[in-house]
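Biologist: I am new to this structure and would like a close look at a single part of it. Could you take one loop and walk me through what its residues do in the fold, step by step?

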Amino acid sequence: GDLDLSGTRGICCSVFEDCIGIKSVMIGNRVVNIDDYTFKGCSGLENVTIPDGVKKIARGAFSGCSGL
């Protein structure tokens with residue numbers, strides 16, 4: 001399904017790791033960093049919206065996301 005993180009300030013490491021049911025992620029304007037391995041192994045992920053305010057996408061944040 002869709003994951004709307006538009007009201008979120010931060011995305012902690014490995015929080016969505018191996019959530020294969022996530023197909024789309026919308027990251028909000030308040031997020032500055034996407035931590036280590038946040039979406040690692042989310043093989044069903046097809047679409048990610050990352051706003052200009054994101055300054056750092058950490059190590060392995062989208063590793064194993066074969067649908068991207």
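This is a predicted model: local features need pLDDT of at least 70, side-chain atom pairs count only at pLDDT 80 or more; totals for chains, interfaces and linings use all residues.

Modeller: The loop in question runs between β3 (33-34) and β4 (47-49), and Phe 39 is found in it. Is Phe 39 buried or exposed? With a relative accessible area of 0%, Phe 39 counts as buried, because the cut-off for that word is anything under 20%.

The surroundings of Phe 39 can be read from its contacts. Setting aside residues up to four places away in sequence, Phe 39 touches Leu 3, Leu 5, Phe 16, Val 25, Ile 34, Leu 45, Ala 61, Phe 62, Ser 63 and Cys 65. Another residue, Ile 22, lies 17 residues from Phe 39 along the chain, and the C-alpha atoms of the two are separated by 9.3 Å.

Phe 39 also has a place in the largest nonpolar core, which has 16 residues; Val 25, Ile 34, Phe 39 and Leu 45 are the members that touch the most others. The elements that give two or more residues to this core are β1 (2-5) and β2 (24-27). Ile 34, one of the contacts of Phe 39, has a list of its own: leaving out neighbours within four places in sequence, Ile 34 is in contact with residues including Ile 11, Ile 27, Ile 50, Val 54 and Ile 57, as well as Phe 39 itself.

Turning to charged residues, the structure holds 2 salt bridges. In one of them, Lys 40 pairs with Glu 17, with the closest N and O atoms 3.8 Å apart. This pair links distant parts of the chain, since Lys 40 belongs to the loop between β3 and β4 while Glu 17 belongs to the loop between β1 and β2, 23 residues apart. Both partners count as partly exposed, Lys 40 at 32% relative accessibility and Glu 17 at 29%.

The other bridge joins Arg 59 to Asp 36, and here the closest N and O atoms are 2.8 Å apart. Asp 36 sits in the loop between β3 and β4 and Arg 59 in the segment after β5 (56-57), so this pair ties together parts that are 23 residues apart in sequence. Arg 59 is exposed, with a relative accessible area of 55%, whereas Asp 36, at 23% relative accessibility, counts as partly exposed.

Taken together, the loop between β3 and β4 holds the buried Phe 39, and also Lys 40 and Asp 36, each of which takes part in a salt bridge.

Definitions and conventions: Residues are numbered from 1 along each chain as its sequence is written. Side-chain values use heavy atoms; hydrogens and water are left out. Helices (H or I, at least four residues) and strands (E, at least two) are DSSP runs, numbered from the N terminus. Buried means under 20% relative accessible area, exposed over 50%, partly exposed in between (1.4 Å probe, protein chains only). Contact means heavy atoms within 4.5 Å. A nonpolar core is a set of buried Ala, Val, Leu, Ile, Met, Phe, Trp, Tyr and Cys residues joined through side-chain atoms within 4.5 Å. A salt bridge is a side-chain nitrogen of Lys or Arg within 4 Å of a carboxyl oxygen of Asp or Glu.
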